[in-house]
Amino acid sequence: MDPTTMIGQSWSAIRRAAQAYTARLRPEAYDMAVAWYGDAAWEVRYFAVLVLGGIAATDERALTYLYERCGDDPAWQVNEALAMAFDDYCAATGYEAALPAIRKWLRAPSANLRRAVSEGLRPWMASKRAYFARDPQAAIDLLGTLKDDQSRYVQESVGNALRDISRKHHDLVIAALRRWVAEKPESRAVRTIARYALKHAVKADESLRELFM
């Protein structure tokens with residue numbers, strides 16, 4: 001396998017190639033992915049991160065490497081791959097069983113790692129994420145871990161994730177936002193999250209604007 005041949009290809013093409021590579025149990029996959037991650041081309045690192053996510057449920061070294069080495073990648077494309085890789089791990093492990101890792105990543109020092117959870121698991125209410133689809137409050141509470149996050153990158157992702165959830169569970173999301181604002185009315189992070197979460201809802205209920213003013 002030579003991922004340098006994927007330089008210039010689309011995200012979806014690289015993702016398909018990574019899925020095809022990890023579909024077979026390859027004992028060398030971890031070592032190869034680590035070597036590929038050292039490449040200068042974002043496409044190669046993107047592929048490497050997806051491979052690590054694809055094997056993380058069966059090779060704990062891969063999840064550790066993603067956490068310890070991939071959280072500060074300079075390429076935004078690779079940060080998107082990190083979110084997909086974390087979700088691949090959660091899906092293969094089972095979202096409930098993956099809760100310890102989810103909680104650890106939500107408290108990670110790197111904003112990219114924290115965002116990998118909020119963004120990677122979107123939409124949180126999807127049928128493939130049955131644990132959260134059955135218990136939307138659990139999803140909201142986990143996202144609430146990031147309610148005071150100082151990264152705008154993370155704030156926007158959390159707000160968008162809550163907006164997704166609100167399509168089926170509007171009252172739960174509004175209640176959580178009201179609670180967070182009441183707890184810390186001076187928090188600009190909460191207000192930004194609310195602005196993204198209520199981007200469309202405020203058109204139908206102008207009173208919601210108070211949550212992000």
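Reader: Why is Tyr-21 called buried?
Author: The relative accessible area of Tyr-21 is 6%, and buried means under 20%, with exposed over 50% and partly exposed in between (1.4 Å probe, protein chains only), so Tyr-21 counts as buried. This is a predicted model, in which local features need pLDDT of at least 70 and side-chain atom pairs count only at pLDDT 80 or more, while totals for chains, interfaces and linings use all residues. Residues are numbered from 1 along each chain as its sequence is written, and side-chain values use heavy atoms, with hydrogens and water left out.

Reader: Where does Tyr-21 lie, and which residues does Tyr-21 touch?
Author: Tyr-21 lies in helix 1, where helices (H or I, at least four residues) and strands (E, at least two) are DSSP runs numbered from the N terminus. Contact means heavy atoms within 4.5 Å, and, not counting residues up to four places away in sequence, Tyr-21 touches Met-1, Arg-26, Glu-28, Ala-29, Met-32, Trp-36, Phe-47 and Val-51. Tyr-21 and Gly-54 are 33 residues apart in sequence, and their C-alpha atoms are 9.1 Å apart in space.

Reader: What makes the pair of Trp-11 and Tyr-46 tilted?
Author: Rings of Phe, Tyr and Trp (its six-membered ring) pair if their centres lie within 6.5 Å, and planes under 30 degrees apart count as stacked, over 60 as edge-to-face and the rest as tilted; by this rule the count comes to 14 aromatic pairs. For Trp-11 and Tyr-46 the ring centres are 5.9 Å apart and the planes stand at 45°, so the pair is tilted. The pair links distant parts of the chain, with Trp-11 in helix 1 (residues 11-22) and Tyr-46 in helix 3 (residues 42-55), 35 residues apart.

Reader: How do you know whether Trp-11 and Tyr-46 are buried or partly exposed?
Author: Trp-11 has a relative accessibility of 32% and therefore counts as partly exposed, whereas Tyr-46, at 0%, counts as buried. Trp-11, Trp-42, Tyr-46 and Trp-76 form one aromatic cluster. Gln-77, in helix 5, touches Trp-11, Trp-42 and Tyr-46, not counting residues up to four places away in sequence, and at 13% relative accessibility Gln-77 counts as buried.

Reader: Why is the pair of Tyr-95 and Phe-132 called edge-to-face?
Author: The ring centres of Tyr-95 and Phe-132 are 6.2 Å apart and their planes stand at 65°, so the pair is edge-to-face. Tyr-95 lies in the loop between helix 5 and helix 6 and Phe-132 in helix 8, so the pair ties together parts that are 37 residues apart in sequence. Both residues, Tyr-95 and Phe-132, are buried.

Reader: What puts the buried residues of helix 6 on the same side?
Author: The buried residues of helix 6 (residues 99-106) are Leu-99, Ala-101, Ile-102, Trp-105 and Leu-106. They cover an arc of only 160° around the axis, which puts them on the same side of helix 6; the arc is that of the directions from the helix axis to the C-beta atoms. An α-helix has 3.6 residues a turn, so residues three or four places apart point the same way. The cover over the buried residues of helix 6 includes helix 4 (60-69), helix 5 (76-93), helix 7 (111-120), helix 8 (130-134) and helix 9 (136-143).

Reader: How do you know where the charged end of Lys-104 sits?
Author: A charge sits over a ring if NZ of Lys or CZ of Arg is within 6 Å of the ring centre and within 35 degrees of the ring normal, and the charged end of Lys-104 sits over the ring of Tyr-67, 4.5 Å from its centre.

Reader: Why do Ser-157 and Val-158 count as buried?
Author: Ser-157 has a relative accessibility of 1% and so counts as buried, and Val-158, with a relative accessible area of 0%, is therefore buried as well. Val-158 is found in helix 10 (residues 152-183), and Ser-157 has its place in helix 10. Not counting residues up to four places away in sequence, Ser-157 touches Arg-115, Ser-118, Glu-119 and Arg-122, while Val-158 touches Ser-118, Leu-143, Leu-146 and Ile-193.

Reader: Which peptide bond is cis?
Author: The bond from Arg-122 to Pro-123 is cis, with omega near -15°, and Pro-123 has its place in the loop between helix 7 and helix 8.
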